[in-house]
Amino acid sequence: MSDSTHRIITLARHEYRSAVRSRILIVLLGILVTVTAVSVYIASVDYASKLADYQAYVNAATTSGLDRIAPSPLAALSLLRGAMEYIEIIGAVIAIALGYLTVSRERTNRTLPLIRSRPVTSGELATGSLLGALGVIATLVAVTAVVGIVCVGTIGHDWINATQALKLFLGYLAAIVYMGAFYCLGAIATAKSRVAANGLMIALGIWLIVVLVLPQIGDTMDADNQIPGGLFKALGLGHDGEAQILTHFTTYERIRTWTEEASLAKHFERFSFAMTDVKERYRPFNLPWLLGQTRNDIGWLIAYSAALYAGLRRTFRNQPTIPQGGTQ
Amino acid sequence: MIATIASHQVLSLRRQRVFLALLATLLTMTALAGVLGWSSHQTIVRVYDEAVKLLASTGKPAPPNPFLLKPTLSLLSNMVVYIPLIGALLALILGHLSIVDDETNGTGRLVFSRQITRTSYVLGKIASAAAVLAVVLAASLLVSVASLLVVNHTIAVGDFGRLGLFYALSWLYLMVFALIGMVTVLMTRRRSIALLSAMGAWLVITFVLPQFTSGLRPTQSLNPITDPASTSQTFFKVTSKLRPYSVVEQYKQASGQILQTATAESVGQTIQRILPIAGLVLVLALVTVRLVQRHDFSRSANSE
């Protein structure tokens, strides 16, 4: 192991240990795990009843000697939709809080200049801090995943198979990358502000725009969302009619798509929904096809995260190595 | 003395440009709601025109224009989403800054070296937050009226009254969060922990409670038009008893009634929806007064 790797691992361990000692973080984690459990519980109870209905249909069809039995329209992984949505919203806030704590803790304890007085480069500091935070995030995501899977199995009476487990793994891996990007945002905004709490406010403002406002604008601009129950349904048009009419709205649809594409949260949502069978149109297809369909979202997720990581390295490089007057 | 504290706080917010930031954000948000409403109007009209042509070409009769089913004020229905999302967060920050600066700057110690009672101090702080929110919401009301005039070329007196009521309700709702911002500062020692605690409370009120009591997924809260979730499970039979206390749902429902964008219900039912919000404001105000009475202002809070 090279000296650089050793230093990065040491910094990552320091970050991990410090983060898990924070009470506010524990409270936020508690909220996330509780709401995940409740959302999956609610979905699983409903699912168990639908699964029982389907099983009764299969039994009746088998008894009556039917050769062709309709496949189940149910998808166990879709029960995790609420869990993914909570990661998208609350998970991002937790990641920002982690990033904020990384900088404010070192500032308050005046340990940042101490660390920088050692032979540690800004790149090693950024990488070590990010790896430690990713460790915390991975632990959190693993806990919510286990809670979700156990709820689906025990309450929904449908344990996931190996293929579903792989898809779920990829969905949660995307969650870690997504939260990692918000960690970088929280750390950058805090490090760039003289008063750490102001940096936190700026990061939360960006979170508000990226996670809530841009997807909301995109959803609201959707022509079909203009009337309760759907505009095209109200006009008595089916899918073909809708597609035909939307050919007259290409510029409008392009603006709507750009608005949604600007949001990192929307890319995470699309990918995680594809991996958890939330959208019915994705259910019949295998994993390579799904990855091909969502390659744009994967690309954006990686691009946003890489850009924010580069920003973190740059910000840490520009941090003063000697204590500055006051932390206001 | 209450007026002196309040005017000092308003002046302080103006000098920090918090007031300007609040005003700019809320006005942008209102203008955005107007633009989205206008875009929605145009889209529906154009989709309807195209649908009529398409159906005529297949020999089918034209359906009624769905836009005629939309109430006039539905143009601003996005405001019912933006107030609990953006407005509430801004109100949290407003409440937070109202108290936290006195802690970190040591102004609190200086203030209480004068003949000022703690009750006057806290009432002044609450009054300043209420006044700032009232001014920015009044400005939002004007932008909303302008949006309606641009799209509809006219506004009925009744609609103007409804808009006024909607913004009055929004003011009440935002006061909940301004007070939460104050309470969390008074209950914690670090300013960042206070801010994160207030954020946690906002997340629970805005996203978690509606899921517990009505089965609304978090992203459903972002769309002004949502299909009702199934709540026939035993779980909801228990939790739905708490629905009157889910203030964000009550705010959205009452706003829907005022703007006539929701299924009509009696005035009494709408008032019943507003009462828990008013009750929460009252309770939080009392808690704030109580916490200020006990607070040790000689100890400066950690600026981080």
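The model is predicted, so local features need pLDDT of at least 70 and side-chain atom pairs count only at pLDDT 80 or more, whereas totals for chains, interfaces and linings use all residues. Residues are numbered from 1 along each chain as its sequence is written, chains are lettered from A and ligands numbered from 1 in the order in which they are written, and side-chain values use heavy atoms, with hydrogens and water left out.

**Interface between chain B and chain A**

- The size of an interface is often given as the accessible area lost when the parts come together.
- In this model, 57 residues of chain B are in contact with 57 residues of chain A, where contact means heavy atoms within 4.5 Å.
- One salt bridge is counted between chain B and chain A, a salt bridge being a side-chain nitrogen of Lys or Arg within 4 Å of a carboxyl oxygen of Asp or Glu.
- That salt bridge joins E85(A) to R217(B), with the closest N and O atoms 2.8 Å apart.
- There are also 11 residue pairs in polar contact between chain B and chain A, both residues being at pLDDT 80 or more. A polar contact is a pair of N or O atoms within 3.5 Å; within protein, one must be able to donate a hydrogen and the other to accept it, and residues adjacent in sequence count only if both atoms are side-chain atoms.
- On the side of chain B that touches chain A, at least two residues each come from α2 (18-57), α3 (79-104), α7 (191-214) and α8 (234-239) of chain B. Helices (H or I, at least four residues) and strands (E, at least two) are DSSP runs, numbered from the N terminus.
- The largest share of this side, 15 residues, is supplied by α7(B).

**Helix α1 of chain A**

- Helix α1 of chain A (residues 3-20) has 18 residues and, at 1.5 Å a residue, should span 26 Å; its end C-alpha atoms are 26 Å apart, which agrees. The expected span is 1.5 Å times one less than the number of residues.
- The buried residues of α1(A) are I8(A), L11(A), A12(A), E15(A), S18(A) and A19(A). Buried means under 20% relative accessible area, exposed over 50%, and partly exposed in between (1.4 Å probe, protein chains only).
- Seen down the axis of α1(A), these buried residues fall within an arc of 135°, so they line one face of the helix; the arc is that of the directions from the helix axis to the C-beta atoms.
- D3(A) and R13(A) are exposed on the face of α1(A) turned away from its buried side.
- The cover over the buried residues of α1(A) includes α2 (23-63), α3 (81-108), α4 (112-117), α5 (122-154) and α6 (162-192) of chain A.

**Salt bridges**

- Over all chains, the count comes to 15 salt bridges.
- K167(A) and D277(A) meet through their side chains in a salt bridge (2.8 Å, N to O). This pair links distant parts of the chain, 110 residues apart: K167(A) is in helix α6 of chain A, and D277(A) is in the loop between α11 (264-275) and α12 (287-293) of chain A.
- Both K167(A) and D277(A) are buried.
- E260(A) and R256(A) form a salt bridge whose closest N and O atoms are 3.5 Å apart. Both lie in helix α10 (residues 250-261) of chain A, four residues apart, about one turn of the helix.
- E260(A) is buried, with a relative accessible area of 7%, and R256(A) is buried, with a relative accessible area of 13%.
- In the salt bridge between R270(A) and D297(A), the closest N and O atoms are 3.6 Å apart. The pair links distant parts of the chain, 27 residues apart, with R270(A) in helix α11 and D297(A) in helix α13 (residues 295-317) of chain A.
- R270(A) counts as partly exposed at 24% relative accessibility, while D297(A) is buried, with a relative accessible area of 6%.
- A network of salt bridges links E253(A), R256(A), E260(A), E261(A), R270(A) and D297(A).

**Chain B**

- Chain B has 10 helices and zero strands.
- The C-alpha trace of chain B spans about 85 × 50 × 35 Å along its principal axes.
- Of the 304 residues in chain B, 54% are buried.
- Among contacts in chain B with a separation of 6 or more, 81% are between residues 24 or more positions apart.
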